[in-house]
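Reader: I am new to this. Could you walk me through the terms, one by one?

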Amino acid sequence: TNMRLGKIPLVIGMPILVSQNFDVEGGIVNGSTGKLRKVRYSLNDEGQWVLRSCIVEISHSSDEALPNLSPHQVPIIEDSVEL
């Protein structure tokens, strides 16, 4: 899996740790912590639910809200891995 977990149980409210600099100016950097607020799935062609994105609340991030999100909430989108 190229040092990535194949499956992770996701629970609303669970703590999240950012492991790389994502938005330095916005305060979302390596070591930032937050809480999982929403999980978004879609159904693939094989009838399986696939994670597409998560919404994470990072309290010390910028308070400029994106459309349809509350302040300090940021989207985390899927990441693909080539093997």
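**Terms and values**

Author: At 77% relative accessibility, Asn68 counts as exposed. The model is predicted: local features need pLDDT of at least 70, side-chain atom pairs count only at pLDDT 80 or more, and totals for chains, interfaces and linings use all residues. Residues are numbered from 1 along each chain as its sequence is written, and side-chain values use heavy atoms, with hydrogens and water left out.

Reader: Why is Asn68 called exposed?

Author: Exposed means over 50% relative accessible area, buried means under 20%, and partly exposed is in between (1.4 Å probe, protein chains only). Asn68 has 77%, so it counts as exposed. Asn68 sits in the loop between strand 3 and strand 4. Its phi is near 70 degrees, a positive value in a residue other than glycine.

Reader: What makes His72 partly exposed?

Author: Its relative accessible area is 23%.

Reader: Is Ser59 buried or exposed?

Author: Ser59 has 57% relative accessibility, so it counts as exposed. Ser59 lies in the loop between strand 3 and strand 4. Ser59 and Thr33 are 26 residues apart in sequence and 8.2 Å apart in space, C-alpha to C-alpha.

Reader: How many helices and strands does the protein have?

Author: It has zero helices and four strands. Helices (H or I, at least four residues) and strands (E, at least two) are DSSP runs, numbered from the N terminus. Along the sequence the pattern reads β-β-β-β.

Reader: What makes two strands a pair?

Author: DSSP must find at least two bridges between them. Strand 3 and strand 4 have five bridges, in the antiparallel sense. Five meets the cut-off, so they pair. Ile55 stands opposite Pro75 in strand 4.

Reader: In which order do the four strands of the open sheet stand?

Author: The order is 1-2-3-4, with antiparallel pairing. Strand 1 (15-17) and strand 4 (73-77) stand at the edges. Each has a single partner strand, so one side of each is left without a neighbour in the sheet. From one strand to the next, the twist averages 45 degrees. Here axes are lines fitted to C-alpha atoms, for helices over the stretch in contact, and angles run from 0 to 180 degrees between N-to-C directions.

Reader: Why is the contact of Glu57 and Arg37 called a salt bridge?

Author: Side chains of opposite charge can pair when their charged atoms come close. The rule asks for a side-chain nitrogen of Lys or Arg within 4 Å of a carboxyl oxygen of Asp or Glu. Glu57 and Arg37 meet at 3.3 Å, N to O, so the pair passes. By this rule the count comes to one salt bridge. Glu57 lies in strand 3 (residues 49-57) and Arg37 in strand 2 (residues 33-43), so the pair ties together parts that are 20 residues apart in sequence.

Reader: How exposed are the two partners, Glu57 and Arg37?

Author: Glu57 is partly exposed at 28%. Arg37 is partly exposed too, at 31%.
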